[in-house]
Amino acid sequence: MRITNKILTVGSCSMNFSEVFKQSNQLCKVSPDGKYLATCVQYRLVVRDFNSLQIAHLYTCLDPVMHMEWSSDSLFILCAMYKRGLVQVWSLEQPDWHCKIDEGSIGLVSSRWSPDGRHVLNTTEFNLRVTVWSLCTKSVSYIKYPKACQKGMDFTADGRYMALAERRECKDYISVFVCDNWHLLRHFESETQNLAGLEWSPNGCVLAVWDSCLEYKIILYSLDGRLLSSYSAYEWSLGIKSVAWSPSSQFLAVGSYDEKVRILNHITWKKITEFEHPTTIINAKAVVFKEVEKRPVVGSEDLSIHQLTVDNSLFSTQSKYEITQLPAQVPVIKPDPDRANPKIGISALAISADNRYLATKNDNMPQSLWVWDMLRLSLLAVLVQTAPVRCFVWDPHRPRLALCTGNTKVYLWSPAGCVSVNAPVEGSFQVQSLFWHCSGSSLVLLSKEHICLCYMEAEEEK
């Protein structure tokens with residue numbers, strides 16, 4: 001039976017909030033099959049049934065957990081304790097079975113599953129090597145020279161191949177491995193000065209590789225290492241800050257420090273358009289939604305003992321969206337030019353599951369979220385919040401965007417409009433981040449030390 005605090009009705013959707021549970025280090029993951037919710041609380045790993053929220057399994061680790069991850073088949077959970085160089089693996093089918101991997105004095109900086117869910121890949125301190133541990137045969141393989149960068153390892157969506165960025169003799173290289181036996185398929189030099197990241201297209205046919213922020217350069221390679229194309233928008237200025245593939249692999253969105261997003265097509269790998277983020281919005285086809293806060297006036301007749309002790313929503317600030325007339329001004333902050341990693345440029349990109357919409361965030365406009373129509377290649381909406389946007393993520397099945405700003409509210413955008421919902425939970429629950437359940441029917445909300453589930457159920461048509 002699902003335990004809930006309160007049900008809110010928003011339009012044609014009812015939002016059902018669960019009670020609050022503890023978590024540490026934002027470690028909360030839903031299993032790939034959607035049946036379980038795993039959270040870490042210091043030393044403990046708690047696995048709950050997602051629908052009932054009853055505890056199904058409880059495990060105790062040897063040290064506070066720094067990283068937690070489900071295997072692809074939802075049968076195992078990996079817990080990494082970087083300070084002690086340890087990884088523990090737990091089984092849901094056989095709770096008494098467990099595995100401990102100790103990297104020893106060489107240390108540990110990252111740990112993750114292979115796509116088959118039967119190998120653990122550990123990266124040692126100083127990026128000396130990647131160790132591949134097999135849970136089935138207990139064999140160990142080593143991959144030397146992994147590069148320390150933003151995103152130096154990626155798997156194809158079908159789990160057949162792994163691309164790894166390497167650094168040898170002051171040059172960047174890329175190795176492509178077959179995940180079945182970890183044999184090297186291709187090894188080639190990358191045409192980058194200082195490789196910052198790589199990512200496979202969703203169809204696994206193209207590998208995008210981009211340079212550090214000091215040079216605008218993105219390179220496209222085929223699976224066999226052939227150079228397909230190279231794109232550079234400008235020189236002698238800070239370059240690429242974010243990259244995102246469309247789910248169809250037809251478009252590649254590249255965000256940069258010049259506050260623009262450039263869209264490359266998959267046929268010629270040339271730019272088909274670029275999206276600017278102006279301080280004044282004059283596009284008549286765009287809708288500007290501005291969040292407006294209002295603190296409710298409370299009369300003495302409203303103050304009951306129950307409300308004072310339990311219901312925090314009585315005194316919470318309510319908010320709603322208002323459509324702003326054009327031209328509309330977007331709040332801007334001036335970045336400090338003397339500090340490293342200036343707060344300017346496109347730091348986050350996300351494309352909807354149907355490939356129709358692109359959401360972007362410009363760091364020197366932190367309170368605004370931009371939504372673009374990929375069919376018409378134009379600005380569709382701008383959400384101007386009262387606080388900086390912390391996190392935004394698309395529904396995995398429909399064009400619905402959820403975002404949070406570090407307050408007690410959850411915000412939703414869809415082509416039909418915007419809505420602001422206050423999470424009706426006890427105490428002060430500041431939503432720091434959020435993510436969707438794989439079915440798109442629920443949201444997991446995370447505060448600094450707690451989690452809350454928001455179940456969304458569409459009302460039946462009468």
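1. Aromatic pairs first: there are 16 of them in this model, counting rings of Phe, Tyr and Trp (its six-membered ring) whose centres lie within 6.5 Å, with planes under 30 degrees apart called stacked, over 60 edge-to-face and the rest tilted. Take F289 and Y321: their ring centres sit 6.3 Å apart and the planes meet at 80 degrees, so this pair is edge-to-face. It ties together distant parts of the chain, with F289 in strand β29 (residues 287–294) and Y321 in strand β30 (residues 318–324), 32 residues apart. Strands here, like helices, are DSSP runs numbered from the N terminus (E, at least two residues, for strands; H or I, at least four, for helices). F289 is buried at 11% relative accessibility, and Y321 is buried too, at 14%. For these labels, buried is under 20% relative accessible area, exposed is over 50% and partly exposed is in between (1.4 Å probe, protein chains only). Elsewhere, ring pairs join F76, W97 and W113 into a cluster.

2. A word on what you are looking at: this is a predicted model, in which local features need pLDDT of at least 70, side-chain atom pairs count only at pLDDT 80 or more, and totals for chains, interfaces and linings use all residues. Numbering runs from 1 along each chain as its sequence is written, and side-chain values use heavy atoms, leaving out hydrogens and water.

3. On the overall fold, the secondary structure comes to one helix and 42 strands. The radius of gyration (taken over C-alpha atoms) is 24 Å, close to the 23 Å that the globule rule gives for 462 residues, so the protein is as compact as a globular protein of that length. That rule is 2.2 Å times the number of residues to the power 0.38. The C-alpha trace spans about 75 × 60 × 50 Å along its principal axes.

4. Buried residues account for 52% of the 462 in the protein. The accessible surface is about 22000 Å², and 51% of that belongs to carbon and sulfur atoms; the areas come from the Shrake-Rupley method with a 1.4 Å probe, and for residues only the protein chains shown count as cover. As for contacts (heavy atoms within 4.5 Å), 45% of those with a separation of 6 or more are between residues 24 or more positions apart.

5. Now the charged pairs. The count is 16 salt bridges, meaning a side-chain nitrogen of Lys or Arg within 4 Å of a carboxyl oxygen of Asp or Glu. In one of them, D73 meets R118 with the closest N and O atoms 2.7 Å apart. This pair spans 45 residues, from the loop between β8 (67–70) and β9 (76–81), where D73 lies, to the loop between β12 (110–113) and β13 (119–123), which holds R118. Both ends are partly exposed, D73 at 29% and R118 at 22%.

6. Have a look at the E274–R262 bridge as well, at 3.4 Å between the closest N and O atoms. E274 is in strand β27 (residues 271–276) and R262 in strand β26 (residues 260–265), 12 residues apart. E274 is partly exposed at 26%, whereas R262 is buried at 5%. These two also belong to a salt-bridge network made up of D258, K260, R262, K271, E274 and E276.

7. D395 and R398 form a further salt bridge, at 3.6 Å from N to O.

8. C213 is in no disulfide either, with the nearest cysteine sulfur, that of C149, 13 Å away. Both C205, at 44%, and C213, at 27%, are partly exposed.

9. Finally, some backbone spots to check. L326 and P327 are joined by a cis peptide bond, with omega about -5 degrees, and P327 lies in the loop between β30 and β31 (328–329). S74 is not a glycine but has a positive phi of about 65 degrees; this residue is in the loop between β8 and β9 and is buried at 4%. W236, also other than glycine, has a positive phi near 60 degrees. W236 sits in the loop between β23 (227–231) and β24 (240–245) and is exposed, at 82%.

Conventions. A disulfide is a pair of cysteine sulfur atoms within 2.5 Å.
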